[in-house]
Structure formats: C-alpha cells, structure tokens
Amino acid sequence: MLSKKLDDGVGNTDNASKKLSKYILDNNIDIEQICKETGLNYNNVKMSIDENKKSLDVDEFLEICSYINKDPKNFK
C-alpha cells in the first residue's frame, strides 16, 4: 500500500485532491458509499473531501478514481 501524501508538505490539500473533491461534491457522490465499497477509512476521506483538512494518500486518490470510473489524469 502506498503511503505518499498528495500535498505540498505543509498540510495543505494539493490541486489533484481539490479537483477530485470538487468533482465528488459537485456530482453528489456519497462519500460514505465510496468508503463502504472500497474499504477506505471514512474519517480520512471525509477530512480530505468534505473538510479539506488533508490531502488524500496516493492509494486513496487512485482507489476513489477507480470507484468513480475516472482517469486520475482528469484531476491534474
């Protein structure tokens, strides 16, 4: 499992996480459902997507992209 963060080193959310978060929120995709079906930790994903407090880990980012059937490059 990858543990690298997609951030700038000071805890701010990176651009890719922000774009993915915006896509999820704009399309009313249920974060709880994402977590149930992928096994991702709900609190971590919520802090990243709803609260913008942390960047997604690379594995979280890729798993969510796969779940929503979007190429990760769409969020560059």
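At the start of helix 2, a side-chain oxygen of Asp 30 comes to within 3.0 Å of the backbone nitrogen of Glu 32. Such a polar contact is a pair of N or O atoms within 3.5 Å; within protein, one atom must be able to donate a hydrogen and the other to accept it, and residues adjacent in sequence count only if both atoms are side-chain atoms. The model is predicted, so local features need pLDDT of at least 70 and side-chain atom pairs count only at pLDDT 80 or more, while totals for chains, interfaces and linings use all residues. Residues are numbered from 1 along each chain as its sequence is written, and side-chain values use heavy atoms, with hydrogens and water left out.

**Helix 2**

Helices (H or I, at least four residues) and strands (E, at least two) are DSSP runs, numbered from the N terminus. Helix 2 spans residues 31–38, and its buried residues are Ile 31, Ile 34, Cys 35 and Thr 38. Here buried means under 20% relative accessible area, exposed means over 50%, and partly exposed lies in between (1.4 Å probe, protein chains only). Seen down the axis of helix 2, these buried residues fall within an arc of 95 degrees, so they line one face of the helix. The arc is that of the directions from the helix axis to the C-beta atoms. Helix 1, helix 3 (42–49) and helix 4 are among the parts that cover the buried residues of helix 2; contact here means heavy atoms within 4.5 Å. After helix 2 comes Gly 39, whose phi is positive, near 85 degrees.

**Aromatic pairs**

Rings of Phe, Tyr and Trp (its six-membered ring) pair if their centres lie within 6.5 Å; planes under 30 degrees apart count as stacked, over 60 as edge-to-face and the rest as tilted. The count comes to two aromatic pairs.

| Pair | Centre distance | Plane angle | Class |
|---|---|---|---|
| Tyr 23 and Phe 75 | 5.8 Å | 70 degrees | edge-to-face |
| Phe 61 and Phe 75 | 6.4 Å | 85 degrees | edge-to-face |

Tyr 23 lies in helix 1 (residues 15–26) and Phe 75 in the segment after helix 4 (58–67), so their pair ties together parts 52 residues apart in sequence. Phe 61 lies in helix 4, so its pair with Phe 75 joins parts 14 residues apart in sequence. Tyr 23, Phe 61 and Phe 75 form one aromatic cluster.

**Cysteines**

Cys 35 is buried at 6% relative accessibility, and Cys 65 is buried at 1%. A search of the whole structure finds zero disulfides, a disulfide being a pair of cysteine sulfur atoms within 2.5 Å.
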